Number of protein chains: 2
Amino acid sequence: MASDKPYHVVAIGNAIVDVLSFADDRFIDEQQMRKGTMCLIDDARAEGLYGAMGPSTEVSGGSAANTLAGMASLGAKTAFIGKVNNDELGKIFRHDLNASGVEFTTPETVGGQPTARCLIVVTPDGQRTMNTYLGAAGEIHPQDVDMGLIARAQVFYGEGYMWDLDCTKQALRKAFATAKEVGAKVAFTLSDVFCVERSREEYLQMIAEDFDILFCNHEEAKALYPGKSFDEVLDALEGQCEVIAVTCGSKGSIILTPNGRVQVDAIWVTEVVDTTGAGDLYAAGFLYGYTHGLSLAECGRLASACASDIITHLGARAQKPLKRLLVA
Amino acid sequence: MASDKPYHVVAIGNAIVDVLSFADDRFIDEQQMRKGTMCLIDDARAEGLYGAMGPSTEVSGGSAANTLAGMASLGAKTAFIGKVNNDELGKIFRHDLNASGVEFTTPETVGGQPTARCLIVVTPDGQRTMNTYLGAAGEIHPQDVDMGLIARAQVFYGEGYMWDLDCTKQALRKAFATAKEVGAKVAFTLSDVFCVERSREEYLQMIAEDFDILFCNHEEAKALYPGKSFDEVLDALEGQCEVIAVTCGSKGSIILTPNGRVQVDAIWVTEVVDTTGAGDLYAAGFLYGYTHGLSLAECGRLASACASDIITHLGARAQKPLKRLLVA
């Protein structure tokens, strides 16, 4: 797409610092987690689980924030709306996002709940299982949505994780309405199977009516239409949005449009260390391409390249600038 | 060595959380750092430098703490003496050390200076340049040295970094004296070229009189004897301690004893990501071997294996248990 709007993407999302630790599958069972999903946890559970986890690494996270950090690392102009507390983790989150090149000026909360953290267990297969204590991240209200910022965006992007709390859901609805008013494309990620299961009807309605661009993985897509085969799901989705990108892990991704499908290969890596952020970085590469006039096939290739970069190390933020992926 | 003392190693050291970020060599020059060294910085410099650094990853660190975490990951029984504040980074440091299996019960400070952090810039060659804000870590006083703990250790281990402050130096001297009294071996790392340059005469005296086991790298060894060639330095050191292990990066290491030398090969890795902690993990492997009755050649091989593991990812703490290195 071509546009004179200064921001390629403005996004709203949960502002989270990830706390990542390796463990075997037995730990997932013992802690009664559903592998590969995201679960919201309270303060007491966060403390207990952290105490049981092994030595950890802290890396800023948050799905939409990861996507913007990836886009900025590719060279795009982006801005983030989200809430941190004025504590140490909040300072770390803000530093990392700003240092990535993403604008982030939403004021922090003072006192009250601490900055959100996501306790992530990475199993030997590289799969990540996430436990999120939302804290201050859940305190985004409709009045925090900077409409002037969205008016200067080519694409507005939101994450399904925000559909879990009423106030963040209302903030997201307001942002979608603003985006439509000002002529920004509306992009969304389904985020998680649990999110889809909790909000299936609303999601289906928004896919039909509100979204221009949709990201989801194979399992989230299937959770939209219980009982349907994957091929039937693709048929059902096709044509509902301008672009629907369905990722299938190591099998690549399928981009559905009203005018047909594009099949995209995954990019092979020597060792999958940690899949945290793979979908977020896929969206980063795709949206960079989309806002820079690339073909859908090129968007998909860049999306795969960004996803394959992030799974070679711990955490969902690129350790080295992603711009190098543009020359390939 | 054989012993009925329950702790293989008890160590005292700076309790630090590392904040790691990749940058090119130009950044090192612009920030007027001396590449590959450790520099102490104050609060204002820490804030300014953090603001200039790219997106970062937080991993618990501290030289002696890294060594103990590595030993515990191999299966050894260890305990750490050091100071954190009761802030978020302090909780992270304590969690990570305990979760590694290291006993760490030194009470935290309340109020006052925050937990120490080390701002580490990693260049494309994998070299790390460190800037340490000591904060609460500098508040170890002689009365914090748990003599009963040292009495139950086969080896007491201290780090040269602690020689920079008067109170931590006095704490270390008290610990050395205690270790000698109770018949524990005294081990020490020279830590850094700057440390050697600042304290050369004291270090030389302690090498001659106090240390049973000494770790240093090629450059630190040379800094002990300005003007001497590396071969002359090895000749000068040989026989002064029961064991002196001199590491030479990718060229391996040389173990000097009163009865001759053992040459140890480095272990090749596909990609050197970050050398932070390479020396600390060498010491971990060596001291594990030493306290478990391995030959010096076997100690050196395990030391090299631990060092080569840690340089394949960001940060100085093993991401996966090091026990797997024992079966090779």
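# Close-up views of a predicted two-chain model

**View 1. The crossing of helices α10 and α11 in chain A.** In this predicted model, α10(A) passes α11(A) in a right-handed crossing. The axes of helix α10 (residues 278–290) and helix α11 (residues 296–310) of chain A come within 7 Å, and they cross at roughly 145°. On the side of α10(A), the residues that meet α11(A) include A:L281, A:Y282, A:F286 and A:Y290, while among those that α11(A) brings to the contact are A:L302, A:A303, A:C306 and A:I310. Sorted by class, the contact of α10(A) with α11(A) has 14 nonpolar, three polar and two charged residues.

View 2. Nine strands of chain B make up an open sheet with mixed pairing, and their order is β6-β5-β1-β9-β10-β11-β12-β13-β14. The edge strands are β6 (103–104) and β14 (260–264) of chain B, each of which pairs on one side only.

**View 3. Strands β13 and β14 of chain B.** Strand β13 (residues 253–257) of chain B is joined to β14(B) by five bridges, and the two strands run antiparallel. Within this pair, B:I255 of β13(B) stands opposite B:V262 in β14(B).

**View 4. The relation between the two chains.**

**View 5. The contact between chain A and chain B.** The contact takes 25 residues from chain A and 25 residues from chain B. On the side of chain A that touches chain B, β4 (57–60) and α4 (88–100) of chain A each supply at least two residues, and α4(A) gives the most, with seven residues. By class, this side of chain A has 10 nonpolar, nine polar and six charged residues. Because 100% of the interface residues of chain A are also interface residues in chain B, the copies meet through the same surface.

**View 6. Strand pairing between the chains.** β4(A) pairs with strand β4 (residues 57–60) of chain B in the antiparallel sense, over three bridges. The bridge partner of A:E58 in β4(B) is B:E58.

Definitions and conventions
Residues are numbered from 1 along each chain as its sequence is written. Chains are lettered from A and ligands numbered from 1 in the order in which they are written. This is a predicted model: local features need pLDDT of at least 70, side-chain atom pairs count only at pLDDT 80 or more; totals for chains, interfaces and linings use all residues. Two strands pair if DSSP finds at least two bridges between them. Helices (H or I, at least four residues) and strands (E, at least two) are DSSP runs, numbered from the N terminus. Two residues are in contact if their C-beta atoms, placed from the backbone, lie within 7 Å. Ala, Val, Leu, Ile, Met, Phe, Trp, Tyr, Cys and Pro count as nonpolar, Asp, Glu, Lys and Arg as charged, and the others, Gly among them, as polar. Axes are lines fitted to C-alpha atoms, for helices over the stretch in contact, and angles run from 0 to 180 degrees between N-to-C directions. A crossing is left-handed if the near helix is turned anticlockwise from the far one by less than a right angle, and right-handed if clockwise.
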